[in-house]
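Please examine the aromatic pairs and the helix packing in the structure shown here, with attention to the criteria behind each term.

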Amino acid sequence: MPKKGTVVITGATSGLGQLVALELGRRGFDLILTARSKERAEATRKQIGASAPLAKIDFFYGDLSLLKDVKRVGSEIATSYPKIDVLLNNAGIHAFEPRITSEGLPEMITVNYLAPWLLTHSLKPSLQNAGKARVVNVASEASRRHGVLKLPEDLTDTTPFTARGSSPIYGKTKLLNIMFTAELARRWEGTGISVNALNPGFNVTGLGRELWFAPFLERLLKGLRLGDPRRGAEIITRLIVEPEYYKMTGGYFNVGTGKSIEPVSPGGDTVMQHKLWEATQDLLEQKKYLP
């Protein structure tokens, strides 16, 4: 099978990321996967090897809730792979309780938004070297329930919240992904890199880490044919392989139809997108994660 290209996937040891890695491995892509656990990485390697024995798989280890790890992993990948065709920012969490990272940042904002921002920035030279590359960001229609966006305060807000209060914060992280996608597409115009986001639909796999009853819920929803992660994996794969999505940049596309979605306000506001970029850049410079 001819080599299709090199793809970096975050959060590839479970859920959507693992399903996309399996599919792209079968299609002849070289896989660069991030993981926190060596045990889960090896289990994923075996699973991919069983269905795509010729797939080349390389793991890079780090905790995406720590920006020092994100910076290190980005640097290691860029050094090992001077040419990357696709970056899939898939890793994400819905934390049902507040956690502050050892770097003093809110965990959910860090994993879901700051980490992909920093990793994408770190891999820009390798993506540019590919000539035609794609960045694909997993967002969500949960962004429609984001509460009130306050910049730059939201990026460092460690105010405690309840399980119920976690939903608007999760939604906000996904709104930030959509806004980041649009602003990045403008800033990287002419680089040969297209940038798009997607809504993968409701997927039960992402709940497993936080809810004790998630395995039961997953079985129930599977029985009802709801929350099927394969639908989410399919739209991600389409954004990675289909030529029409390379021609578009800065878009936000829906599971199932693959059609463009109008983001909730202020998702499509160019002034707010710019403000978010500046606030993020300032924060990462202040924390010494950007030169």
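This is a predicted model: local features need pLDDT of at least 70, side-chain atom pairs count only at pLDDT 80 or more; totals for chains, interfaces and linings use all residues.

Residues are numbered from 1 along each chain as its sequence is written, and side-chain values use heavy atoms, with hydrogens and water left out.

**Aromatic rings**

The structure holds seven aromatic pairs, where rings of Phe, Tyr and Trp (its six-membered ring) pair if their centres lie within 6.5 Å, and planes under 30 degrees apart count as stacked, over 60 as edge-to-face and the rest as tilted. The pair of Phe-59 and Tyr-61 is stacked, because the ring centres are 6.2 Å apart and the planes stand at 25 degrees. Phe-60 and Tyr-81 form an edge-to-face pair, with 6.4 Å from centre to centre and 70 degrees between the planes. Phe-60 lies in strand 3 (residues 57-61), whereas Tyr-81 lies in the loop between helix 3 (67-80) and strand 4 (86-89), so this pair ties together parts that are 21 residues apart in sequence. Helices (H or I, at least four residues) and strands (E, at least two) are DSSP runs, numbered from the N terminus.

| Residue | Relative accessibility | Class |
|---|---|---|
| Phe-59 | 8% | buried |
| Phe-60 | 8% | buried |
| Tyr-61 | 22% | partly exposed |
| Tyr-81 | 12% | buried |

The ring of Tyr-61 also has the charged end of Lys-38 sitting over it, 4.9 Å from its centre; the criterion is that NZ of Lys or CZ of Arg is within 6 Å of the ring centre and within 35 degrees of the ring normal. Elsewhere, Tyr-113, Trp-117, Phe-180 and Trp-277 form one aromatic cluster.

**Helix packing**

The axes of helix 4 (residues 107-122) and helix 6 (residues 166-187) come within 8 Å and cross at roughly 15 degrees, axes being lines fitted to C-alpha atoms, for helices over the stretch in contact, with angles from 0 to 180 degrees between N-to-C directions. Helix 4 and helix 6 are therefore roughly parallel to each other (angles under 35 degrees count as roughly parallel, over 145 as roughly antiparallel, 65 to 115 as roughly perpendicular and the rest as oblique). Residues that meet across this pair include Tyr-113 and Trp-117 in helix 4 and Phe-180 in helix 6, contact meaning heavy atoms within 4.5 Å.

The axes of helix 3 and helix 4 come within 9 Å and cross at roughly 30 degrees, which makes helix 3 roughly parallel to helix 4. Among the residues making this contact are Leu-67, Val-70 and Gly-74 of helix 3, together with Leu-114 and Leu-118 of helix 4.

**Two single residues**

Val-111 has its place in helix 4 and counts as buried, at 9% relative accessibility. Leaving aside residues up to four places away in sequence, Val-111 touches Leu-64, Ser-65, Ala-91, Gly-92, Ile-93 and Pro-116. The C-alpha atoms of Val-111 and Ala-130, which are 19 residues apart along the chain, are separated by 27 Å.

Glu-153 lies in the loop between strand 5 (133-138) and helix 6 and counts as partly exposed, at 46% relative accessibility.

Methods. Buried means under 20% relative accessible area, exposed over 50%, partly exposed in between (1.4 Å probe, protein chains only).
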